[in-house]
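Me: I have a model to go through, and I would like to do it by question and answer. Please put the sequence and structure up before we start.

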Amino acid sequence: GLSSDALQAQAKALQNITTYDDDAVIGMQSLLTTFTQIKGAIFTEAVPAIVDLSAKMGTDLKGSAIQVGKALNDPIKGVSALQRVGVSFTESQKKLIKTLVETNDIAGAQKIILGELNTEFGGSAEAMGKAGLGPITMMQNKLNDVKEEIGGLVAKIVIGLMPTIEKMVKGLGMAVQWIKEHQKTVSSLAVSIGTLVIGMRVAIPVMEGFGIAT
């Protein structure tokens, strides 16, 4: 239920406030799309929750995406799985999640899970971006984006010049083949040119001197 542009915009926004670059976030989003019960607003909320969980627990984004994705895809089983990795749920929360799933309110159960993740880990990734070497990492990510944009421009130019480049390569290939077939002629020509160059080196100063004298 989300466009590619919306996902990329979210990834870029997270890169601007965390140490995770947009490519890593997009990779995580792609993995999250494989869980068919996660849609729309729930998907949008799940992405920063995964980033915060990774920052706090020191895990990679894809691993966290699988943990949270499984939990949101099957909330009843997911609660137990998240508890094993350190997320706490009260008995009343677990009962409510079960009731919501049984009444086919999957989104309601997912919101409770996301709410708890936000309570425990919300803001962790942004805080990590402000601490220690976080600002340097964020700057490196931005520089990498600039490099990618420059690379994209260069690629477009090269693609546009491909017909011309192909003609040049073909021409060079023909020239090399001609040289192979006329090595003696080329050798004689090289000697003649070399002699001419030496002669010009002698003649030019004499001509310059003559010009000054005149």
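This is a predicted model: local features need pLDDT of at least 70, side-chain atom pairs count only at pLDDT 80 or more; totals for chains, interfaces and linings use all residues.

Me: Is Q110 buried or exposed?

Reply: The classes rest on relative accessible area with a 1.4 Å probe and protein chains only: under 20% is buried, over 50% is exposed, and in between is partly exposed. Q110 has a relative accessible area of 2%, so it is buried.

Me: Which residues does Q110 touch, not counting those up to four places away in sequence?

Reply: A contact here means heavy atoms within 4.5 Å. With residues up to four places away set aside, Q110 touches Q37, I38, I42, L72 and P75.

Me: Which residues does I113 touch, not counting residues up to four places away in sequence?

Reply: I113 is one of the residues with the most contacts inside the largest nonpolar core. Beyond four places in sequence, I113 touches A71, L72, P75, V79, L82, F89 and I97.

Me: How many of the residues in the contact of α4 with α5 are nonpolar, polar and charged?

Reply: α4 and α5 pack with their axes 6 Å apart at an angle of about 145 degrees; axes are lines fitted to C-alpha atoms, for helices over the stretch in contact, and angles run from 0 to 180 degrees between N-to-C directions. Q67, K70, A71, L72 and N73 of α4 meet P75, G78 and L82 of α5. Ala, Val, Leu, Ile, Met, Phe, Trp, Tyr, Cys and Pro count as nonpolar, Asp, Glu, Lys and Arg as charged, and the others, Gly among them, as polar. By class, the residues of this contact are four nonpolar, three polar and one charged.

Me: What is the relative accessibility of A71?

Reply: A71 is in helix α4. Leaving out residues up to four places away in sequence, A71 touches G78, L82 and I113. A71 counts as buried because its relative accessibility is 0%.

Me: Is α5 roughly parallel or antiparallel to α6?

Reply: Helix α5 (residues 75–84) and helix α6 (residues 91–102) have axes 9 Å apart and pack at an angle of about 155 degrees. P75, I76, V79 and Q83 of α5 make the contact with K94, I97, K98 and V101 of α6. Angles under 35 degrees count as roughly parallel, over 145 as roughly antiparallel, 65 to 115 as roughly perpendicular and the rest as oblique. The angle between these two helices therefore makes α5, relative to α6, roughly antiparallel.

Me: The side chain of Q93 reaches the backbone nitrogen of which residue?

Reply: Q93 is in helix α6 and, at 19% relative accessibility, counts as buried. The backbone nitrogen reached by its side chain, at 2.9 Å, is that of T90.

Me: What length has the polar contact that joins the side chains of S92 and T90?

Reply: S92 is also in helix α6 and, at 54% relative accessibility, counts as exposed. A polar contact is a pair of N or O atoms within 3.5 Å; within protein, one must be able to donate a hydrogen and the other to accept it, and residues adjacent in sequence count only if both atoms are side-chain atoms. The side chains of S92 and T90 are joined by such a contact of 3.0 Å.

Me: What is the phi of N104?

Reply: N104 lies in the loop between α6 and α7 and is exposed, with a relative accessible area of 63%. Although N104 is not a glycine, its phi is positive, at about 65 degrees.

How values were computed: Residues are numbered from 1 along each chain as its sequence is written. Side-chain values use heavy atoms; hydrogens and water are left out. Helices (H or I, at least four residues) and strands (E, at least two) are DSSP runs, numbered from the N terminus. A nonpolar core is a set of buried Ala, Val, Leu, Ile, Met, Phe, Trp, Tyr and Cys residues joined through side-chain atoms within 4.5 Å.
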